[in-house]
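Dear colleague,

Please find below the structure that I am handing over to you. My notes on it come after it.

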Amino acid sequence: MSLDELGVVVGYDGSLPAREALRWAAAEAAGRGVPLTVCHAWDWPYHEWPGELVPLELVRRPAQRLVKAAATWAGRHHPGVAVNTLIDRGSPSVLLTDLSAAAELIVVGSRGHGALQGMAVGSVSGHVVSRARCPVIVMRGDSQERGAREVVVGFDGSPASRAALSFAATEAYRLGSPIHVVIARHGGEADPLEPRIRAQGLAWDELTARQGAHPDLQASVELVDEPARRALLEAARKACLLVVGARGLGEVRGLLLGSVSQALVHHAPCPVAVVH
């Protein structure tokens with residue numbers, strides 16, 4: 001398998017969040033007409049002493065069976081999708097981040113095996129969503145009502161939010177869901193209204209162009225006099241997917257992930273897509 005055949009990549013460890021991620025990723029691959037790659041990182045869980053013969057095959061074989069079972073499920077439910085499997089020794093965070101350079105999309109569970117149950121988001125998903133070079137969907141909440149709810153996207157006119165709006169419109173059309181654009185404050189209570197009005201015009205320009213190609217795409221734009229984090233968490237309560245850019249206006253460029261996006265990945269009640 002070459003890197004240009006990765007398509008949609010899903011990190012899979014057999015946990016319930018990973019099974020949710022597999023279900024979503026397989027549907028994404030089918031809708032996009034690209035391959036699905038099920039990947040898993042494994043390692044010997046004990047210290048290796050110099051000169052010691054370590055039976056690595058004891059760990060590699062279960063990993064192979066795990067991804068094979070996942071690929072079989074995906075092929076049975078989406079017979080038109082080419083399914084690849086990939087296992088590698090090492091860190092799942094590093095593996096997924098490396099694959100993101102050639103993948104079309106990465107899908108991960110909010111937590112996997114070994115993640116502390118009290119954590120809002122696991123270390124793997126947190127690492128990947130911060131450092132990936134392609135869009136990442138983190139599975140959160142209930143993903144079963146995909147066509148019954150809105151795709152919600154945060155928008156402020158920044159380049160990152162424009163990329164997020166484009167991604168969200170494509171997802172909404174593919175899912176058969178309306179798209180709802182939320183334009184909120186990114187400063188304090190004294191945040192001027194004019195930038196939000198300009199952002200509203202930019203959002204409608206993009207949506208009108210999309211509706212020209214897809215007239216049945218339902219769209220709405222809402223100006224909310226609330227901080228972005230609060231406004232988007234509220235809107236996400238009726239969403240099948242929440243989409244945000246990696247960083248918005250006013251956020252520090254050196255940050256791997258903006259503060260609003262980071263908060264939503266940890267606390268949103270539905271799957272979250274972070275667009276890089």
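The model is predicted: local features need pLDDT of at least 70, side-chain atom pairs count only at pLDDT 80 or more, and totals for chains, interfaces and linings use all residues. Residues are numbered from 1 along each chain as its sequence is written, and side-chain values use heavy atoms, leaving out hydrogens and water.

The mean pLDDT (the predictor's confidence in each residue, from 0 to 100) of the protein is 87, and 84% of the residues score at least 70. Over residues 114-121 the pLDDT is below 50, and this stretch has 13 contacts (heavy atoms within 4.5 Å) in the model beyond near neighbours in sequence. Residues 251-256 also have a pLDDT below 50. Where pLDDT is low, the predicted coordinates should not be read in detail.

Helices here are DSSP runs (H or I, at least four residues), numbered from the N terminus. Helix α3 (residues 92-99) packs against helix α4 (residues 123-131) at about 25 degrees, with their axes (lines fitted to C-alpha atoms over the stretch in contact, angles running from 0 to 180 degrees between N-to-C directions) 9 Å apart. The two are therefore roughly parallel (under 35 degrees). Their contact is made by Pro92, Ser93, Leu96 and Thr97 of α3 and Ser123, Val124, His127, Val128 and Arg131 of α4.

The axes of helix α5 (residues 159-175) and helix α6 (residues 194-213) come within 11 Å and cross at roughly 30 degrees. Among the residues in this contact are Leu165 of α5 and Leu207 of α6.

Yours sincerely

How values were computed:
Parallel < 35°, antiparallel > 145°, perpendicular 65-115°, else oblique.
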